[in-house]
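Open the model in your viewer and keep the selection panel at hand.

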Amino acid sequence: MQRLIIVFIVLFSVGAPAAQAQLPDGADAEVRLSPEESGNWRVEYTFAEPQSVLALVRSTGDYRELTWSVTSDNARFGRVAGIDVIALDEPARTVSFSIIPLTSTLVGEYTPFVTFADGSVAVHDGQFSVAPLDSLEAVEALEGDTSNIGAPALSMDVVLSSDTPIIVDGEVHQGKVRHRVDGDGTYIYLGNSEIEEFDSFTAVIDKRLPAWLRDRFDSDLEAIFSAYEQLWGFELEHKATVMLAYKGATADGFSVTGGALDQLLMMEMGGTALNAPDDDVLSYVHWFFAHEAAHLFQIDRGVGFASGAQSWIHEGAANTMAYSLIASMMEQDGAKRFLAGVYGRAFDECVTTLEAGPLATAAEREAFSAHYSCGDFIALATDGFLKQRNLYGFWNRLVSMAKGEPDEKVDEDTYFSTMQILGATKAQRNAVRALVEGRPDNARKTLTNLLEKAGLEPEFSAGGQLIALKWPDY
Ligand SMILES: [Zn+2]
């Protein structure tokens with residue numbers, strides 16, 4: 001009986017070619033992107049099979065409500081229970097939009113379109129990723145979290161044409177590119193900068209980046225990468241690509257933001273403080289690179305991160321690694337001042353956040369930065385609890401533990417198991433848990449206790465400012 005049904009279905013689908021179409025390389029979907037004269041971008045989806053309801057896999061924030069408009073007359077677009085949803089009136093194979101390219105940075109999400117001062121633009125292809133759902137009720141049942149979708153995202157190609165060279169995955173294309181979206185996606189660069197090859201990385205750098213930064217960029221970054229290769233004990237399997245977008249000198253001070261995607265670091269920096277050489281600005285820029293580069297080493301063996309509430313795991317470690325690395329490149333007094341400054345601020349911020357509620361719900365309270373500040377101290381304490389103080393060794397073990405899990409994710413369970421395996425006692429693990437899950441009556445005391453228990457010997461000024469720790473010396 002079963003065989004008969006299968007034969008029937010095969011015959012039926014052969015007899016109804018309009019319902020299906022072949023896309024290149026067996027893709028489930030493709031999305032064609034092209035700039036419009038108005039400055040908007042045209043976004044046209046084509047699906048191999050008719051679709052009814054699609055969720056945008058990356059639905060953090062509500063920016064699409066203000067920037068995406070449906071231009072085909074067969075669909076509605078909107079936000080349902082915290083998720084951006086395309087609802088087709090009848091099952092259909094195409095839907096198109098006109099979108100305003102969002103170029104401002106988002107909290108907890110990659111900048112959708114990164115503009116460069118030299119006129120280039122880089123498009124985050126992962127923003128277009130969609131997953132099919134049965135109904136709008138099924139969207140509501142996700143409770144605002146697309147990781148609850150049972151089905152994987154549609155395998156999808158982004159198709160882009162440009163008059164300028166196109167760079168993606170470290171390769172240059174002319175005219176047109178078809179690129180398969182993978183995981184969180186990557187940036188597709190459209191512009192006239194060339195790929196510059198260095199020993200440990202390749203770079204695509206804004207032609208307008210101020211000369212003093214540009215001149216030392218490769219040697220500084222080379223130093224950061226080679227120091228990490230020593231500390232982590234391996235070289236990145238694939239050379240990292242760094243894209244650096246300069247945002248100009250219109251804003252006061254300076255800003256630097258960025259994100260790590262697979263083997264790509266996207267950095268955006270700008271502000272008047274970058275106009276002339278400045279040691280403090282330079283240390284901050286170095287630290288920022290080192291933080292993002294640490295993520296590349298964390299994910300190089302193919303593991304993912306647990307999202308949201310567990311971000312302290314990877315953010316805290318990347319922060320602490322970056323602080324130590326940058327301090328090790330400074331002369332002794334400067335290093336002490338730098339570490340006292342950054343950890344002093346982190347201490348105050350962590351305490352303030354914990355006074356309002358546990359770290360586990362900080363992201364919900366829009367206090368996402370606590371994952372960095374409290375995460376710093378959790379990483380330091382973890383390091384202190386280990387018999388052999390070595391945060392890099394801990395992370396190498398953590399990653400191999402995660403590789404053994406079905407979801408290959410670095411999460412709290414793997415974190416605490418790894419602590420246990422490497423010799424941290426139950427009391428020590430509970431001290432970390434208290435900081436993550438508890439809402440301490442006295443946050444300052446809880447954090448101070450954690451540092452003392454971990455042998456970090458915190459010292460405070462008369463005013464209660466954290467001024468010194470027994471910093472790890474890698
Ligand atoms: Zn980070």
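A nonpolar core, as used here, is a set of buried Ala, Val, Leu, Ile, Met, Phe, Trp, Tyr and Cys residues joined through C-beta atoms within 7 Å. The model is predicted.

**Core.** Select Tyr187, Ile188, Tyr189, Met243 and Ala381: these residues have the most contacts inside the largest nonpolar core, which has 130 residues. Next, colour residues 312-328, helix α6, which gives the most to this core, with 10 residues. Then centre on tyrosine 187 and display what surrounds it. Leaving aside residues up to four places away in sequence, tyrosine 187 touches Val114, Ala122, Val123, His124, Met243, Leu261, Leu264 and Met266.

**Whole chain.** Zoom out and colour by secondary structure: the protein chain has 12 helices and 22 strands. Its radius of gyration is 24 Å, close to the 23 Å that the globule rule gives for 474 residues, so the chain is as compact as a globular protein of that length. Along the principal axes, the C-alpha atoms fill a box of roughly 80 × 55 × 40 Å. Of the 474 residues, 38% count as buried. Among contacts with a separation of 6 or more, 63% are between residues 24 or more positions apart.

**Domains.** Colour three selections: domain 1 (24-147 + 154-190), domain 2 (196-289) and domain 3 (304-468). A distance drawn between the C-alpha centres of domain 1 and domain 3 comes to 35 Å.

**Sheet.** Now show the open sheet of 5 strands, in the order β14-β15-β16-β18-β17, with mixed pairing. Its edge strands, β14 (196-197) and β17 (255-261), each pair on one side only. Helix α5 (residues 279-299) packs on the sheet and touches β16, β17 and β18 (264-270). The direction of helix α5 makes about 15 degrees with that of β17. Inside the sheet, select residues 201-205 and 240-246: these are β15 and β16, which run parallel and are joined by 5 bridges. Phenylalanine 201 has alanine 240 as its bridge partner in β16.

**Two loop residues.** Glutamate 143 sits in the loop between α3 (136-140) and β9 (156-161). This residue counts as exposed because it has 10 C-beta neighbours inside 10 Å, and the cut-off for exposed is 12 or fewer.

Finish at glutamate 408, in the loop between α9 (391-403) and β20 (409-410). Glutamate 408 also is not a glycine and has a positive phi, of about 50 degrees. With 14 other C-beta atoms within 10 Å, glutamate 408 is partly exposed.

How values were computed
Residues numbered from 1 in each chain as written. Predicted model: local features only at pLDDT ≥ 70, side-chain atom pairs only at ≥ 80, totals over all residues. Buried ≥ 20, exposed ≤ 12 C-beta atoms within 10 Å, placed from the backbone. Helix = DSSP H or I, 4+ residues; strand = E, 2+ residues; numbered from the N terminus. Contact = placed C-beta atoms within 7 Å. Domains from an automatic or database assignment. Pairing = 2+ DSSP bridges. Axes fitted to C-alpha atoms, helices over the stretch in contact; angles between N-to-C directions. Rg over C-alpha atoms; globule rule 2.2 N^0.38 Å.
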